[in-house]
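Biologist: I would like to go through this structure and ask what stands behind the words used for it. Please show it first.

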Amino acid sequence: MSHTGRAQLLVASNRGPLTIHAGPDGDDEVSRGGGGLVSGMQSALAATPDAVWVCAALNGRERAIARQTAGHISELRIVDEALQGDFDVHMLPIDAATFRGAYDGIANSTLWFVLHQLYDLSQAPAFDASWRRQWAAYVRYNEAFAHALAREAAPGAAVMVQDYHLFLVPAMLRELRPDLRIGHFTHTPWVTPEYFSTLPDDICVALVEGLAAADVIGLHTERWVELFRATARHVLGRELETVHAFPLGTDSGEMTKLAGRRDVVNASRVLDGVVGDALVIGRVDRTELSKNVVRGLLAYRELLRTRPEWRGRVVHAVYDNPSREDLPAYREYTASIERLASAIDDEFATDDWSPVLVEIVDDYPAALAALLRSDVVLINSVRDGMNLVVLEALTISDRSPAIVLSRETGAAEVLGDDALLVNPFDVSATAHALHDALLMELDERVARAERMRAAAVRLPPTEWFQAQLAALPPG
Ligand code: G6P
């Protein structure tokens with residue numbers, strides 16, 4: 001392959017910084033992508049000129065636009081105006097069937113489930129012939145990225161590949177372009193070798209070999225690094241020396257700017273009107289199985305049942321950004337959140353008090369307003385690579401919220417015991433922690449929040465990204 005590419009720095013991820021979709025009047029609309037990867041990478045690249053971000057077209061409209069512009073969608077005015085930063089976006093028009101097999105089938109229904117331990121093992125997984133067809137799509141999808149990166153990269157360029165959608169890219173790219181310096185970062189947790197080995201043996205080898213070809217393999221915490229190393233020993237029978245923890249933090253300047261925007265101020269006013277002077281237990285997530293919103297609601301119900309003194313004085317505000325709605329498991333999960341919330345309402349609501357407020361909507365200003373108004377922030381994920389929301393809540397809030405946090409999150413390693421750490425499966429312990437958080441004296445809340453805030457901003461996105469670049473071999 002000839003090395004005619006010009007880019008010195010490339011990032012690759014399934015989801016790019018922006019999503020394009022048809023608005024109500026048929027015109028194209030651009031919105032910001034959800035999730036930790038996009039928010040971290042977006043701020044990291046805003047400060048890094050001349051980078052290229054290679055991503056996939058995620059819907060039919062994006063595929064059409066990507067084809068028309070030969071992938072160079074930043075040439076479109078609406079995209080250029082919405083991008084924060086000087087980087088180019090190259091969107092790959094991967095065909096719909098390949099994309100569905102790779103994204104819905106392998107990335108979201110297999111790898112995400114393995115890495116977050118979401119399988120009900122009595123029923124799933126079952127790796128059959130139809131799963132193998134999805135795997136073939138995942139291989140083609142990874143090849144499309146590897147070829148695009150190989151074409152665009154200048155000699156010796158740095159390529160930073162993101163997440164479980166692209167586990168095979170480092171090895172494919174190394175083969176095509178041995179001159180490149182390749183990093184890979186996994187934004188999810190990692191699991192024990194035994195759990196990882198629910199995947200077919202040849203697939204375990206392909207995935208770990210795919211990653212092992214990178215010069216630097218990054219995960220958020222030492223815990224995930226150790227588990228990845230153990231998996232590599234188990235699967236490949238050798239030690240990988242290139243695995244390091246880069247715990248992504250938040251950018252307090254950027255977050256404070258966002259929190260001060262007029263639309264957030266307006267949303268705050270609306271929320272104040274709804275909750276009055278009640279204490280607020282807030283949470284913001286995607287409608288995502290790993291976020292454990294249902295057990296959070298069960299814990300809140302148990303709190304109201306066992307500690308009646310809180311009735312009428314607390315509101316649980318749940319803001320969920322709809323996610324992966326093509327997958328039936330996600331749609332069912334969202335419905336179960338709504339069902340349980342309305343059961344809690346039926347059980348406890350009075351004429352002048354609604355115990356729970358559930359908003360399932362893509363409304364970033366309203367979500368920030370909820371975090372700003374929270375006295376207690378509840379994040380009880382089953383498992384979570386980091387959970388940036390809790391770090392963001394700490395940096396924007398001037399209420400010094402108490403934090404009830406799953407010990408299975410990367411954020412637990414960053415924030416430590418200043419958060420009230422809980423076992424995410426123990427509903428009663430979570431109810432107890434909510435009670436303790438609501439009762440926490442203000443000076444204690446302030447002292448804990450101050451220490452946690454310092455920890456949350458220790459490695460903001462720009463530094464996080466630079467640290468990974470610095471760990472690559474010299475260019
Ligand atoms: C997590 C993943 C990201 C992903 C995000 C949103 O944070 O680590 O790779 O972009 O979820 O999920 P989605 O499937 O909507 O991109």
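Modeller: Start with Leu219, whose bridge partner in β9 is Ala245. Keep in mind that this is a predicted model.

Biologist: What makes β8 and β9 a pair of strands?

Modeller: Two strands pair if there are at least two bridges between them. Strand β8 (residues 216-219) and β9 have three bridges, in the parallel sense, so by that cut-off they pair.

Biologist: Where do these strands sit in the sheet?

Modeller: The sheet is open and has seven strands, in the order β5-β4-β1-β6-β7-β8-β9, with parallel pairing. β5 (88-92) and β9 (243-245) are its edge strands.

Biologist: Why are β5 and β9 called edge strands?

Modeller: Each of them pairs on one side only. From one strand to the next, the twist averages 25 degrees.

Biologist: Which helices lie on the sheet?

Modeller: Helix α1 (residues 36-46) packs on the sheet and touches β1 (7-12), β4 (52-56) and β6. The direction of α1 makes about 160 degrees with that of β4. Helix α9 (residues 222-236) lies across β8 and β9, and runs at about 165 degrees to β9.

Biologist: How do you know that β1 is largely enclosed by the rest of the structure?

Modeller: Count its buried residues: five of the six residues of β1 are buried, so the strand is largely enclosed. β1 pairs with β6 over five bridges and with β4 over three bridges, in the parallel sense in each case. Ala12 shows both pairings: its bridge partner in β6 is Val161, and it stands opposite Val54 in β4.

Biologist: What makes the buried residues of α6 line one face of the helix?

Modeller: The buried residues are Val169, Pro170, Met172 and Leu173. Seen down the axis of α6, they fall within an arc of 165 degrees, so they line one face. Their cover includes α5, β6, β7 and α8 (201-212).

Biologist: Now the rings. How many aromatic pairs does the structure hold?

Modeller: There are 14 aromatic pairs. In one of them, the rings of Tyr141 and Phe145 have their centres 5.2 Å apart and their planes at 55 degrees.

Biologist: Why is the pair of Tyr141 and Phe145 called tilted?

Modeller: Ring centres must lie within 6.5 Å to pair; planes under 30 degrees apart count as stacked, over 60 as edge-to-face, and the rest as tilted. At 5.2 Å and 55 degrees, the rings of Tyr141 and Phe145 pair, and the pair is therefore tilted.

Biologist: How far apart are Tyr141 and Phe145 along helix α5 (residues 129-152)?

Modeller: They are four residues apart, so about one helical turn separates them. An α-helix has 3.6 residues a turn, so residues three or four places apart point the same way.

Biologist: Are Tyr141 and Phe145 buried or exposed?

Modeller: Buried means under 20% relative accessible area. Tyr141 has 1% and Phe145 has 0%, so both count as buried. The two also belong to one aromatic cluster with Phe99 and Tyr103.

Biologist: What makes the pair of Phe167 and Trp190 tilted?

Modeller: The ring centres are 5.8 Å apart and the planes are at 55 degrees, so this pair is tilted. Phe167 and Trp190 are 23 residues apart, and their pair links distant parts of the chain. Phe167 and Trp190 are both buried.

Definitions and conventions
Residues are numbered from 1 along each chain as its sequence is written. This is a predicted model: local features need pLDDT of at least 70, side-chain atom pairs count only at pLDDT 80 or more; totals for chains, interfaces and linings use all residues. Side-chain values use heavy atoms; hydrogens and water are left out. Rings of Phe, Tyr and Trp (its six-membered ring) pair if their centres lie within 6.5 Å; planes under 30 degrees apart count as stacked, over 60 as edge-to-face and the rest as tilted. Helices (H or I, at least four residues) and strands (E, at least two) are DSSP runs, numbered from the N terminus. Buried means under 20% relative accessible area, exposed over 50%, partly exposed in between (1.4 Å probe, protein chains only). The arc is that of the directions from the helix axis to the C-beta atoms. Contact means heavy atoms within 4.5 Å. Axes are lines fitted to C-alpha atoms, for helices over the stretch in contact, and angles run from 0 to 180 degrees between N-to-C directions.
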